[in-house]
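Morning, everyone. Please bring up the model on your screens. I will keep this short.

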Protein chains: 2
Amino acid sequence: MLEDKNPNPVNDISTLGEFGLINHLTENIKLQNKSSKLGVGDDAAVLEFKSKQTLVTTDMLVEGVHFDLLYTPFKHLGYKAVVVNLSDIYAMNGTPTQITVSLAVSNRISVEALEELYEGMLLACEIYGVDLIGGDTTSSLSGLIISITAIGEADKKEVVTRKGAKENDLICVSGDLGGAFMGLQLLEREKKVYNEAPTVQPDFDGHDYVLERQLKPEPRKDVIDMFKELGIQPTAMIDVSDGLSSDLTHICKQSKVGCTIYENKIPIDFTVVNLAAEMNLDPTVCALNGGEDYELLFTIALDDYNKIKDSKRVAVIGHITGVEGAYQIVDKAEVVHKLVAQGWDAISKQ
Amino acid sequence: MLEDKNPNPVNDISTLGEFGLINHLTENIKLQNKSSKLGVGDDAAVLEFKSKQTLVTTDMLVEGVHFDLLYTPFKHLGYKAVVVNLSDIYAMNGTPTQITVSLAVSNRISVEALEELYEGMLLACEIYGVDLIGGDTTSSLSGLIISITAIGEADKKEVVTRKGAKENDLICVSGDLGGAFMGLQLLEREKKVYNEAPTVQPDFDGHDYVLERQLKPEPRKDVIDMFKELGIQPTAMIDVSDGLSSDLTHICKQSKVGCTIYENKIPIDFTVVNLAAEMNLDPTVCALNGGEDYELLFTIALDDYNKIKDSKRVAVIGHITGVEGAYQIVDKAEVVHKLVAQGWDAISKQ
């Protein structure tokens, strides 16, 4: 651990008695996993995976960049901060088992807010069977920063990377896409209204689904469980964090293949379609480039089609081609377009 | 991974092409460890520890809190950011094997600075045989934030926690103490001079040792290797990050024992003694409360004394007592004082 060099720690943090609150919040954590041998409170946590492979992923969330505290409840923020990491472990076809949490906290954040943040993180841990085994808490001179590392396990033969997609494999995606992006657009619209006229109540009526997609996403553990039940081993997999076009491109690049997907096969919720129309946005563009849906995008061998064809969790949206670097989308009028990876920044400029 | 919500990414970062530089800097990393199966570039890294236990530790470094870019070279900062994490793995009697690195970077940081930061991190990785296997890079609205998670391995029977110290065990510490703190005092003194008169050159003559202790500490891998050579299994261990008094208290509290240490046994380098005198500081107080020395503080059974007594790496500074909660220091005049854990903030106010 590194000591704080700031000789004048901010008041709200120093009243916690060198982060006594965090110690208090973490000291009663009961370890759930067999692989968790020692949790919070020593120089390092001790884990034991035996014959399993260990998966490690990390994500950093910065206030003002990844989240806006004006419309993000702390409990939701804690939940989402954990979920985005668990999603990366599921995307390897693994089971998340532990997380570490590092926080940098400014003096604007109250003790109650930190309690809510931890409540959300521990709720996600409980639901997904994950142990919080360590971390670091320090002061920040500006905003809130959350850095989480998730650890998971998988049998060697079960691990799915981005590299294994082959010609004729089917491209599948779980759930539906574009909702998280529309939720963000809605929140940003109402924020603008609020900034111009703070007494006007925000208009979120009928938009629960997109708000939940943005503020409280769920990782697709159920899809990983389904693979085991149906005896499916995906050939490549990634979670949809950047947007379908960008994430599919990652799989194709690393697998050295091409792809063709069909616009009319892309699963989009009707509330997303309606809200997109209201905001003069093309719902397909939102699904392709929106990101943050945390659905699983994966490829399976053609032979596995029968196993998956009746699943309501998953849609087949296209297939892998042998033409490396050729990424195509066929629109509803059956016109073929080049699929361009744009990601969030690009779409925000439209 | 979570997408940036900031629709106007800062220029210097966007010119890197969605952190193309970081990808470039990390894509040529060669994995050194057998346990590293898959590194940077997928949803998660894949590791394999087989019969070994896995150790996990994490630390977050915040600009303005943990480091001051006015006097911290980026290469040193990268090196130190890795070292403070490796030190925690060694303090479990383990061998560090992998790290993940998350960075939040403001637009004040140039591409060259990031290159130097990575150079320092990769140098530490190379020297200590560690693989950089993943991470996350994002923009920051204010300073630079570095969050590193280190992973290591150890045989189950070799792991040393803070809990095993027993009555009559000897208290030992590697190297010498107080140097990093004196280095910081010196840097802060010269910063003050610089702020008052920017044309005056800083006066660092003859102070290489304390500056290196502060800016480029080394973790004590050699001490862990020595334990194996001499057949020593410490009963408890911690790295000295908060200061001797605070860290020894951690061991005693978790082991439910007391301790007595002797002022005249505490190893302090003569350059530290001289500089402390020049600054009207008590060198023993600096050693007790200074922190950031990253030496190893450990206890061994009395029976192991003969194995360690000739080692130049280690000093025996006292012993564990059976009186839980009684922490004592015997001064040079043989007067017994209560040992109070203060840590860095306290001493800075003296």
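This is a predicted model: local features need pLDDT of at least 70, side-chain atom pairs count only at pLDDT 80 or more; totals for chains, interfaces and linings use all residues.

Residues are numbered from 1 along each chain as its sequence is written, chains are lettered from A and ligands numbered from 1 in the order in which they are written, and side-chain values use heavy atoms, with hydrogens and water left out.

First, the pair. How is chain B laid on chain A? A turn of 180° and a shift of 0.0 Å along the axis do it, with an RMSD of 0.0 Å. The same surface serves both: 100% of the contact residues of chain B recur in chain A. Within chain B, the residue closest to the axis is B:K50, its C-alpha at 2.5 Å.

Now the interface between the chains. 77 residues of chain B contact 77 residues of chain A; contact means heavy atoms within 4.5 Å. About 6500 Å² is buried between them, 53% of it on carbon and sulfur atoms. That area is the accessible area (1.4 Å probe) that two parts lose on being put together, summed over both. There are four salt bridges between chain B and chain A, each a side-chain nitrogen of Lys or Arg within 4 Å of a carboxyl oxygen of Asp or Glu. B:D42 makes one with A:R162, with the closest N and O atoms 3.5 Å apart.

Next, look inside chain A. Its domain assignment, automatic or from a database, gives domain 1 (11–158) and domain 2 (170–348). Which residues of domain 1 of chain A lose the most area to domain 2 of chain A? A:Y71, A:K80 and A:Y90 do, together 31% of what that side buries. In total, about 2000 Å² is buried between the two domains of chain A, and carbon and sulfur atoms give 60% of that. 20 residues of domain 1 of chain A touch 24 residues of domain 2 of chain A. Three salt bridges cross this interface. A:K191 and A:D68 also meet in a salt bridge, at 2.5 Å from N to O.

That is the tour. Thanks.

Definitions and conventions: Copies are superposed by least squares on the C-alpha atoms of residues with pLDDT of at least 70 in both.
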